[in-house]
Amino acid sequence: MARNDLAKAKDAKKDEFYTQLADIEKELRHYTEHFRGKVVFCNCDDPYESNFFKYFAMNFNHLGLKRLIATCYNGSPVQGNELLLQFDTDNPEEPKKIAYKIEISEVHDANGDGAIDLADVRYLLQNDKNAISILKGNGDFRSEECIELLKEADIVVTNPPFSLFREYLSQLDEYGKHFIIIGNVNAISYKESFRLIKEDKMWLGASIHSGDREFQVPEGYPLNAAGCRVDEHGRKFIRVKGVRWFTNLDYKERHEDLILYKSYNPEEYPKYDNYDAINIDKTADIPCDYDGAMGVPITFLDKYNPEQFEIEALGIVGSCNFTCMKKMEILDKEGKSTGKFTINAKGTLYRKFNPKVDKVPAFKDVQTGELYQSIYARVIIRKKQ
Ligand SMILES: C[S@@+](CC[C@H](N)C(=O)[O-])C[C@H]1O[C@@H](n2cnc3c(N)ncnc32)[C@H](O)[C@@H]1O
């Protein structure tokens, strides 16, 4: 799968991508009924700059929340930029080094304009000192005090640091929490995520199925990054491809059937050599009359209805769902020998080279001399009866 901006962010440990309010609103409107009487926890969120906190503070009464908790990690480079913290500490000059939490159970219309808006949230942050308290540690979501808060929460909603996504998800699973989190589509192939998806304990959210989304990045973020823009206030934004919401809260649209109209024929849908399934290159091409296993692109999960299909395995390089025991020679772009070999390739699906559709073969079985193409990323599914 192509490396994209969030994947690079993972390598560089640049975890500071700030989600836009409009993107949060577009997703969360699908879950309104889940929030009534609930405790929401945003555990990677500096309330002064997180739009997740702002969204829940502004919609506190509308959603009927019981409580809203946000914890701020002290490693955030943009922490405290928007509004100055007003702690009564010995050294008020150093507010940026403090990890803190904000906990609110009531939001008033502070400016009396009849609506709860950003001005009210600002007022609340600046004036309701009872709501804000300093954490003992650094606000790490894995710390004991943050785990205690997690235990109190019903629903966790945030954009967690991408480099810690696996750990983050495992923790939510361990404590059995409901969640709506945003991350990269590549996270589907993580062992932890795929198991949850396969068992229908996690699915993709409702609002993002393609394209890219804009995130705010810290001031020091390199401007040469593709898709970077600076707005009239000097704030930097970057466009990120492959973004998805991950959740275990149900929404109506994910139970809608995918309309299938194509018919199966063995020519168009060849079987893999190392897995008993047919290959399908586009989700829309899933045949309506094939009942066996089918390998479909990962983006099938954007349309996945668990009443229509079941998920069997993940065919992606490195995944441990299955292996190919053959010794294969890797061929170059012209289909010529490279002298490099692969054996027991995990998760890689092979299908026979077909000169009618393939320009050049990519692999040669060392024992039989047969030529192959490899299909890198497929979810193996079956129609439910
Ligand atoms: C991708 S940013 C998203 C921020 C915010 N949730 C939003 O979407 O606007 C991830 C945030 O997690 C914070 N963070 C990094 N490591 C953390 C950790 N171990 N525990 C808690 N927060 C962490 C970062 O400082 C950063 O603010």
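Predicted model: local features only at pLDDT ≥ 70, side-chain atom pairs only at ≥ 80, totals over all residues.
Trainee: Which residues in α8 does α7 meet?

Mentor: The axes of α7 and α8 lie 9 Å apart. From α7 come Arg 166, Leu 169, Ser 170 and Asp 173. By class, the contact has 2 nonpolar, 2 polar and 3 charged residues. The partners in α8 are Glu 192, Ser 193 and Leu 196.

Trainee: Is Asp 200 buried, partly exposed or exposed?

Mentor: Asp 200 sits in the loop between α8 (191–198) and β8 (203–204). Its C-beta has 13 others within 10 Å. A residue needs 20 or more to be buried, and 12 or fewer to be exposed. Asp 200 is therefore partly exposed.

Trainee: What is the phi of Asp 200?

Mentor: Most residues other than glycine have a negative phi. Asp 200 is not a glycine, yet its phi is positive, at about 60°.

Trainee: Where is Asn 344 found?

Mentor: Asn 344 also has a positive phi, about 55°, although it is not a glycine. Its place is in a strand, residues 337–346, namely β17.

Trainee: Is Asn 344 buried or exposed?

Mentor: Count the C-beta neighbours inside 10 Å: Asn 344 has 10. The cut-off for exposed is 12 or fewer. So Asn 344 counts as exposed.

Definitions and conventions. Residues numbered from 1 in each chain as written. Helix = DSSP H or I, 4+ residues; strand = E, 2+ residues; numbered from the N terminus. Axes fitted to C-alpha atoms, helices over the stretch in contact; angles between N-to-C directions. Contact = placed C-beta atoms within 7 Å. Nonpolar A, V, L, I, M, F, W, Y, C, P; charged D, E, K, R; others polar.
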